[in-house]
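This briefing goes through one protein chain by topic. Please keep the sequence and the model in view while reading.

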Amino acid sequence: MLEPKSRKLDFTEKCKIGAEREKIALVRTSDLFMVIKYLRENENDEFKKKCRDAIYNGLGKIVKFPNIPKK
């Protein structure tokens, strides 16, 4: 059991190839957790849109969410 930030493997190569072929966005649970935590605590429509765009633009690869805004 390793802390998520210290893990080296996020998705298997087979998973990455399949996602690219089928245009499926791969989302790391730890990344999504931080985004959802922020959005539950803050009303930020601009950040929501950036996250949706990141998912759409991440089809076929690992999604890179925008940085969470500073309070």
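In which segment does Pro69 lie? Pro69 is found in the segment after α3. The model is a predicted one, and its protein chain comprises three helices and zero strands.

**Fold and dimensions**
- Read from the N terminus, the order of elements in the protein chain is α-α-α.
- Along the principal axes, the C-alpha atoms of the protein chain occupy a box of roughly 40 × 30 × 15 Å.
- Among contacts in the protein chain with a separation of 6 or more, 58% are between residues 24 or more positions apart.

**Surface and charge**
- The protein chain has 71 residues, and 23% of them count as buried.
- Its accessible surface is about 6,100 Å², and carbon and sulfur atoms account for 56% of that area.
- The protein chain carries 18 positive and 11 negative side chains.
- The centres of these two sets of charges are 3 Å apart.

**Nonpolar core**
- The largest nonpolar core consists of seven residues: Val35, Tyr38, Phe47, Cys51, Ala54, Val63 and Phe65.
- At least two residues of this core come from each of α2 (29-41) and α3 (45-57).
- The helix that gives the most to this core is α3, with three residues.
- In soluble globular proteins, nonpolar side chains tend to be buried together.
- Leaving aside residues up to four places away in sequence, Ala54 touches Val63, Lys64, Phe65 and Pro66.

**Cysteines**
- Zero disulfides are found in a search of the whole structure.

- Is Pro69 buried or partly exposed? Pro69 counts as partly exposed because its relative accessibility is 26%, which lies between the 20% and 50% cut-offs.
- Not counting residues up to four places away in sequence, Pro69 is in contact with Tyr38, Asn44 and Phe47.
- Phe47 and Pro69 are 22 residues apart along the chain, and their C-alpha atoms are separated by 8.0 Å.

Terms used. Residues are numbered from 1 along each chain as its sequence is written. This is a predicted model: local features need pLDDT of at least 70, side-chain atom pairs count only at pLDDT 80 or more; totals for chains, interfaces and linings use all residues. Side-chain values use heavy atoms; hydrogens and water are left out. Helices (H or I, at least four residues) and strands (E, at least two) are DSSP runs, numbered from the N terminus. Buried means under 20% relative accessible area, exposed over 50%, partly exposed in between (1.4 Å probe, protein chains only). Contact means heavy atoms within 4.5 Å. Accessible areas come from the Shrake-Rupley method with a 1.4 Å probe; for residues, only the protein chains shown count as cover. Lys and Arg count as positive and Asp and Glu as negative; His and the chain ends are not counted. The place of a charge is taken as NZ of Lys, CZ of Arg, CG of Asp or CD of Glu. A nonpolar core is a set of buried Ala, Val, Leu, Ile, Met, Phe, Trp, Tyr and Cys residues joined through side-chain atoms within 4.5 Å. A disulfide is a pair of cysteine sulfur atoms within 2.5 Å.
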